[in-house]
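Please read them with the sequence and the coordinates side by side.

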Amino acid sequence: MKILRKILLFGLLPLFVVAGGFILYFFLTFKKIGNSTLLNKNNYSNSKLKADSIMIDFNGDGVKEVLNVIEKETGFVAMELFDLEGNKIAGLSDVWLLYNTTFFKIVKLNEKSTKEYLQWNMAPGPHQIETVFLTVIGDKIEPIFSIDFEKETMYSPFYNSRGELLVGDIDKDGSIEVIEFVDEYPVNAPRLDDSEVENLIRDQFGDLGVGSEAEGMTEIVKRENYGKGRGKKVIMAIHRFVDEETPYFRRLPPDEYEVIAGKVISAVEGIIKESADMTKPEGWETDSFMRYSDLEQDSKDFNEFVRKFWTHNKPYEFSITDESVE
Ligand SMILES: [Ca+2]
Ligand SMILES: [Ca+2]
């Protein structure tokens with residue numbers, strides 16, 4: 001598989017450009033998901049086992065591994081994986097610039113496999129989530145890319161600006177689908193009054209609301225307008241896990257996207273119809289879903305602008321036909 005070989009080659013490149021320390025200010029604090037990752041540690045005593053070690057069975061052999069995450073001065077993390085006896089099995093390469101987070105989950109991506117994966121959710125800004133799914137390939141901890149076979153591109157990290165990244169087997173075929181949601185940003189939604197913007201930005205962002213960053217932030221604050229301008233929840237893209245030696249996601253082309261998106265949208269519409277006589281909470285209509293293909297170009301462009309703003313233009317799509325990768 002030529003493409004898979006390229007994934008491996010590409011994995012050696014420094015894909016994630018260093019973002020400024022600026023966005024660290026916007027990291028949200030999330031509670032750790034349960035304590036299930038912390039169980040069973042008392043049965044073992046090796047120096048690698050820490051109170052905050054993540055216990056995860058990457059290779060699916062029924063025995064947990066010990067993952068230690070160390071935050072470096074840069075704000076990025078180092079990761080080291082050990083067996084229960086304390087022998088090092090794998091590490092995260094320095095080329096992967098992942099921010100620290102406590103908002104992670106241990107997930108299955110193939111219902112028929114016992115392998116576990118680490119869903120690592122990072123928060124570059126308000127209601128902005130970047131996610132990588134980590135696995136172990138050889139002695140390396142690596143993010144799993146999504147391949148778009150039509151565009152011949154690879155994609156990472158996943159991005160979500162509305163609610164949570166949906167991770168689940170929507171069509172019950174055993175392989176997990178990952179759904180990215182973004183805001184609609186309707187073209188004609190009312191913008192926040194100019195006179196309110198400056199104060200709001202100063203309130204929320206302090207000194208970061210002035211200077212060169214202020215212009216982009218002003219655009220976002222005006223258009224979001226206390227959430228009124230965010231519109232519907234848009235199904236940006238759907239990816240399906242493919243469990244091979246080098247695992248990857250496959251970005252679903254339009255016909256397959258529609259099968260999954262159609263299910264999600266009709267489920268929500270069914271709920272709305274059945275609950276027609278109930279009192280709708282404020283903002284209920286903004287939870288309506290829509291297809292990305294139904295967005296105005298201006299709204300697509302604004303989504304792109306918001307993503308680039310908060311992630312400091314970090315690239316997330318890479319050509320797999322680029323000869324420089326050979
Ligand atoms: Ca194991
Ligand atoms: Ca599925």
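1. Among the contacts in the chain with a separation of 6 or more, 61% are between residues 24 or more positions apart. This is a predicted model, and its chain contains five helices and 17 strands. Of the 326 residues in the chain, 31% are buried.

2. On confidence, the mean pLDDT of the chain is 82, and 77% of its residues reach 70 or more. Two stretches call for care: pLDDT stays under 50 over residues 4-39, for which the model has 52 contacts beyond four places in sequence, and pLDDT also stays under 50 over residues 278-286, for which the model has three such contacts.

3. In soluble globular proteins, nonpolar side chains tend to be buried together.

4. How do the axes of helix H2 and helix H3 cross, and within what distance do they come? The axes of H2 (residues 194-205) and H3 (residues 214-224) come within 10 Å and cross at roughly 105°, and the two helices are therefore roughly perpendicular to each other. In this contact, Val197, Leu200, Ile201 and Phe205 of H2 meet Ala214, Met217, Thr218, Val221 and Lys222 of H3.

5. A cis peptide bond joins Ser156 and Pro157, with omega about 0°, and Pro157 is found in the loop between strand S10 (153-155) and strand S11 (158-160).

6. Positive phi values occur at Lys172, where phi is near 55°, and at Tyr185, where phi is near 45°; neither residue is a glycine. Lys172 is found in the loop between strand S12 (166-168) and strand S13 (177-183), while the place of Tyr185 is in the loop between S13 and H2. Are these two residues buried or exposed? Lys172 is exposed, because it has 8 other C-beta atoms within 10 Å and the cut-off for an exposed residue is 12 or fewer. Tyr185, by contrast, counts as buried, because it has 25 C-beta neighbours inside 10 Å and the cut-off for a buried residue is 20 or more.

7. Phe103 lies in the loop between strand S4 (88-92) and strand S5 (104-107). With 19 other C-beta atoms within 10 Å, Phe103 is partly exposed, because a residue needs 20 or more to count as buried. Phe103 and Met122 are 19 residues apart in sequence and 7.3 Å apart in space, C-alpha to C-alpha.

Definitions and conventions. Residues are numbered from 1 along each chain as its sequence is written. Chains are lettered from A and ligands numbered from 1 in the order in which they are written. This is a predicted model: local features need pLDDT of at least 70, side-chain atom pairs count only at pLDDT 80 or more; totals for chains, interfaces and linings use all residues. Helices (H or I, at least four residues) and strands (E, at least two) are DSSP runs, numbered from the N terminus. Two residues are in contact if their C-beta atoms, placed from the backbone, lie within 7 Å. Axes are lines fitted to C-alpha atoms, for helices over the stretch in contact, and angles run from 0 to 180 degrees between N-to-C directions. Angles under 35 degrees count as roughly parallel, over 145 as roughly antiparallel, 65 to 115 as roughly perpendicular and the rest as oblique. pLDDT is the predictor's confidence in each residue, from 0 to 100.
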